Amino acid sequence: MQIEKDRVVSFHYRLADESGQPLEDSHSGDTVLYLHGHRNIIPGLEQALEGKTTGDTVEVTLPPERAYGLRRDNAVQRVPVKHLLQRPKQLRPGKVVQINTSEGAREAVVVKVGKFNIDVDTNHPLAGKTLCFTMEVTDVRAASDEEIAHGHAHGVGGHQH
Ligand code: ZN
């Protein structure tokens, strides 16, 4: 079955930056499961996967504008430590933390740690990077009516509710 709108796709991926430095690898966990054509993953990845089928390997390089955007210069914010979700044991510069914002939880990178406040860079950790994805399609199936109504895939690696 080919990947097109309203198909549920499973894939494993490796992500590296331009220089080949590995950034992420899904192989240690579950495959990614998503509903195609509903903007559940980066549009550039959906475009690359369109028309592919189980067993295909797809390589795509996305410039920042097609991935997580360019870095914003004024994105450093001071936030109370108590506003962190899932506070890590050690707070130190470079750590990725989750902060509560008016738009919901988002990832930020710690820049400076104070006693009650921390400075975080709210750029997405992958913002400004050219991303090289290698994806292996492991399954393609038709979506259920419920999945289409919800706009996301159900099951391991997708939404479970
Ligand atoms: Zn659902």
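Which residue stands opposite Val-120 in strand 9? The residue is Val-110. The model is predicted, so local features need pLDDT of at least 70 and side-chain atom pairs count only at pLDDT 80 or more, while totals for chains, interfaces and linings use all residues. Residues are numbered from 1 along each chain as its sequence is written, and side-chain values use heavy atoms, with hydrogens and water left out.

Strand 9 covers residues 117-121. Strands here are DSSP runs of E with at least two residues, and helices are runs of H or I with at least four, numbered from the N terminus. Two strands are said to pair if DSSP finds at least two bridges between them. Strand 8 (residues 104-113) is joined to strand 9 by 4 bridges, and the two run antiparallel. A hairpin connects strand 8 to strand 9 through 3 residues. Strand 5 (residues 76-80) also pairs with strand 9 in the antiparallel sense, over 5 bridges; here Val-79 has Ile-118 of strand 9 as its bridge partner. Because 4 of its 5 residues are buried, strand 9 is largely enclosed by the rest of the structure. Buried means under 20% relative accessible area, exposed means over 50%, and partly exposed lies in between (1.4 Å probe, protein chains only).

Val-96 belongs to strand 7 (residues 96-101) and is partly exposed, with a relative accessible area of 44%. Leaving aside neighbours within four places in sequence, Val-96 is in contact (heavy atoms within 4.5 Å) with Glu-107, Ala-108, Val-109 and Pro-125. Val-96 and Glu-107 are 11 residues apart in sequence, and their C-alpha atoms are 6.5 Å apart in space.

Aromatic rings provide another set of links. Rings of Phe, Tyr and Trp (its six-membered ring) pair if their centres lie within 6.5 Å; planes under 30 degrees apart count as stacked, over 60 as edge-to-face, and the rest as tilted. By this rule there are 3 aromatic pairs. In one of them, the rings of Tyr-13 and Phe-133 have centres 6.2 Å apart and planes at 50°, so the pair is tilted. This pair links distant parts of the chain, with Tyr-13 in strand 1 and Phe-133 in strand 10 (residues 131-142), 120 residues apart. Tyr-13 is buried at 16% relative accessibility, and Phe-133 is buried at 6%. Ring pairs link Phe-11, Tyr-13, Tyr-34 and Phe-133 into a cluster.

The zinc ion is coordinated by His-150 (ND1), His-152 (NE2), His-154 (NE2) and His-161 (NE2), at 1.9 to 2.1 Å. Donors are N, O and S atoms within 2.8 Å of the metal (3.2 Å for Na, K and Ca); because water is not among the atoms, sites may look incomplete. The angles among the 4 donor atoms are 98 to 123°, and the site is tetrahedral. Four donors count as tetrahedral if all angles lie between 85 and 135 degrees; four count as square planar and six as octahedral if opposite donors are over 155 degrees apart and all others between 65 and 115, and anything else is irregular. In sequence, the donor residues follow the spacing H-x1-H-x1-H-x6-H. His-154 is buried at 18% relative accessible area, whereas His-161 is exposed at 66%.
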